[in-house]
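I opened this model to look up its overall build, its sheets and a few single residues. The entries are in the order in which I made them.

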Amino acid sequence: MINRRQWLYGMGLMAGAGTEIGRAAVAAPEDKPKPAPLDLSQYEPKSMLQVHESHVPRAKFPVIDFHTHISVSTKSEKGVELSPDRQYLGTPQELLAVMDRKNLKTMVNLTGGYEKGLVEAVTKYDRAYPGRFLTFTEPSYSRFKEPDYPKLQGQAIEQAHRDGARGLKILKTLGLYLRENITSGPLVKIDDPRFDPMWDACGRLNMPVAIHISDPVAFFTPTDRFNERYEELNNHPDWSFYGGDFPSNAELIEARNRVFARHPKTQFVTLHFGNFSENLQNVAENLDRFPNMHVDMAARIGELGRQPFTARKFFDKYQDRILFATDATPHGDEFPQQVFNDQLYEIYYRFLETEDEYFDYAPAKIPPQGRWRIYGINLPDGILRKVYNGNAARLLRI
Ligand SMILES: [Zn+2]
């Protein structure tokens with residue numbers, strides 16, 4: 001009978017066992033070559049976790065995507081769009097092919113512009129394919145310096161309504177880019193009274209306002225080693241609102257809230273989950289304060305899916321106030337979290353409909369908004385229906 005010590009010795013596996021074979025097999029840790037430093041951009045770890053992976057090719061119920069960008073302005077300067085003319089990012093045919101595969105009934109094109117650009121977008125999409133596309137109008141900031149701008153902008157909303165616009169879109173231009181002299185001078189605040197006739201016109205005409213103010217909170221902090229969106233900001237340095245004369249995230253949200261309070265008859269959909277998906281407690285408090293506030297989930301499943309327990313409770317409590325949305329942009333390959341394609345919709349459906357764990361929130365090799373993965377929240381049918389189409393249909397009166 002040999003004991004364990006003798007057996008290891010015989011196999012040459014015991015440290016200091018004396019034979020050459022023994023030494024080679026148990027090289028001391030300090031003998032291992034040190035790995036070369038790795039550039040963060042080259043790091044693509046593959047998860048070794050083996051858990052169930054669902055594939056959700058079609059949504060369980062027909063979907064209205066409340067937040068897409070099919071057309072954009074042809075001219076902008078320092079973050080301010082200056083032309084009504086539209087540039088189209090995808091043809092109706094190529095969009096409809098994906099829509100039909102994904103059970104996507106309707107796409108809301110938020111950036112429909114104004115005046116002749118709006119008329120053209122409505123004609124090319126909404127009127128040509130009834131029920132499949134809806135277009136929103138936008139303010140004409142190029143007229144901001146005209147003395148009777150408040151009245152003109154109010155009237156422009158009425159005209160846009162006659163031209164077929166279904167709502168008004170406010171980009172983060174208001175609050176972060178528009179200045180007194182349009183592209184220079186002090187920043188114009190979100191609750192500037194010059195926009196009051198515009199908000200009121202939307203309320204009168206039952207046009208919901210899709211409002212984007214602020215951005216992920218990390219964009220308001222230095223782009224350094226502590227920033228959880230370091231790579232994203234490194235890829236898009238112009239997305240940083242740290243320093244300069246930019247207001248804080250909190251100031252932007254407060255200015256927005258004053259608009260909600262002043263225009264209770266106007267319905268506001270605060271895009272990107274109330275622009276504070278890192279703090280659902282704050283979003284909940286504001287939903288409680290303002291009955292005319294709703295949220296869309298565009299480009300924020302990365303945030304929602306990393307707090308699945310909190311998100312699931314939130315969807316339960318505010319199930320009548322949340323709209324399905326992606327921020328989908330045809331051929332927007334430089335922003336994988338919002339590129340319009342089959343994979344993007346499949347990820348959203350998987351998040352809402354399954355209990356899958358630790359999966360990518362964007363169709364990309366490296367998570368584009370931060371180095372983490374997400375978990376599904378497996379919503380029951382009643383909530384899914386409301387989020388996928390019911391809440392948007394009610395607001396859009398379809
Ligand atoms: Zn958007």
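The entries below go from the whole chain to the sheets, then to one helix and a few residues.

**Entry 1: the whole protein**

I note at the start that this is a predicted model. I looked up the secondary structure and found 15 helices and twelve strands. Along the principal axes, the C-alpha atoms fill a box of roughly 100 × 45 × 40 Å. I then checked burial: 54% of the 398 residues count as buried. The exposed surface comes to about 18800 Å², and carbon and sulfur atoms supply 53% of that area.

For charges, I have 50 positive and 52 negative ones, and their mean positions are 3 Å apart.

**Entry 2: the five-stranded sheet**

In what order do the strands of the open sheet of five stand? I read it as E8-E9-E10-E11-E12, with parallel pairing. E8 (168-170) and E12 (322-323) are at the edges with a single partner strand each, so one side of each is left without a neighbour in the sheet. Helix H7 (residues 196-204) packs on this sheet and touches E8, E9 (209-211) and E10 (268-270). The direction of H7 makes about 145° with that of E8.

E11 (residues 293-296) is joined to E12 by two bridges, and the two strands run parallel. Asp296 has Leu323 of E12 as its bridge partner.

**Entry 3: the three-stranded sheet**

Next I looked up an open sheet of three strands, in the order E1-E6-E7, also with parallel pairing. Its edge strands are E1 and E7, and each pairs on one side only. From one strand to the next, the twist averages 20°.

I went through the two pairings in turn. Four bridges join E1 (residues 63-68) to E6, and Val63 has Leu104 of E6 as its bridge partner. Three bridges join E6 to E7. On that side I found Met107 bridged to Phe133 of E7 and Asn109 bridged to Thr135 of E7.

Is strand E6 enclosed or open to the outside? Five of its six residues are buried, so E6 is largely enclosed by the rest of the structure.

Thr106 is buried, because its relative accessible area of 1% falls under the 20% cut-off. Leaving out residues up to four places away in sequence, I list its contacts as Val63, Ile64, Asp65, Met99, Gly131, Arg132, Phe133 and Leu134. Val63 is in this list and belongs to E1 (residues 63-68). Phe133, also in the list, is the E7 bridge partner of Met107.

Ser140 is 34 residues from Thr106 in sequence, and 26 Å separate the two in space, C-alpha to C-alpha.

**Entry 4: helix H4**

Which residues of helix H4 (residues 115-127) are buried? I find Gly117, Leu118, Ala121, Val122, Tyr125 and Asp126. I then looked up what covers them. The cover includes strands E2 (71-73), E5 (86-88) and E7 (133-135), together with helices H3 (92-102) and H5 (149-162).

**Entry 5: positive phi values**

Most residues other than glycine have a negative phi.

Asn103 has a positive phi of about 60° and is not a glycine. I place Asn103 in the loop between H3 and E6. Is Asn103 buried or exposed? Asn103 is buried, with a relative accessible area of 17%.

Arg397 is the other entry, with a positive phi near 55°. Arg397 sits in the segment after helix H15 (381-396). Its relative accessible area is 58%. Arg397 is therefore exposed, as the cut-off for that is over 50%.

Note on methods:
Residues are numbered from 1 along each chain as its sequence is written. This is a predicted model: local features need pLDDT of at least 70, side-chain atom pairs count only at pLDDT 80 or more; totals for chains, interfaces and linings use all residues. Side-chain values use heavy atoms; hydrogens and water are left out. Buried means under 20% relative accessible area, exposed over 50%, partly exposed in between (1.4 Å probe, protein chains only). Accessible areas come from the Shrake-Rupley method with a 1.4 Å probe; for residues, only the protein chains shown count as cover. Lys and Arg count as positive and Asp and Glu as negative; His and the chain ends are not counted. The place of a charge is taken as NZ of Lys, CZ of Arg, CG of Asp or CD of Glu. Two strands pair if DSSP finds at least two bridges between them. Contact means heavy atoms within 4.5 Å. Axes are lines fitted to C-alpha atoms, for helices over the stretch in contact, and angles run from 0 to 180 degrees between N-to-C directions.
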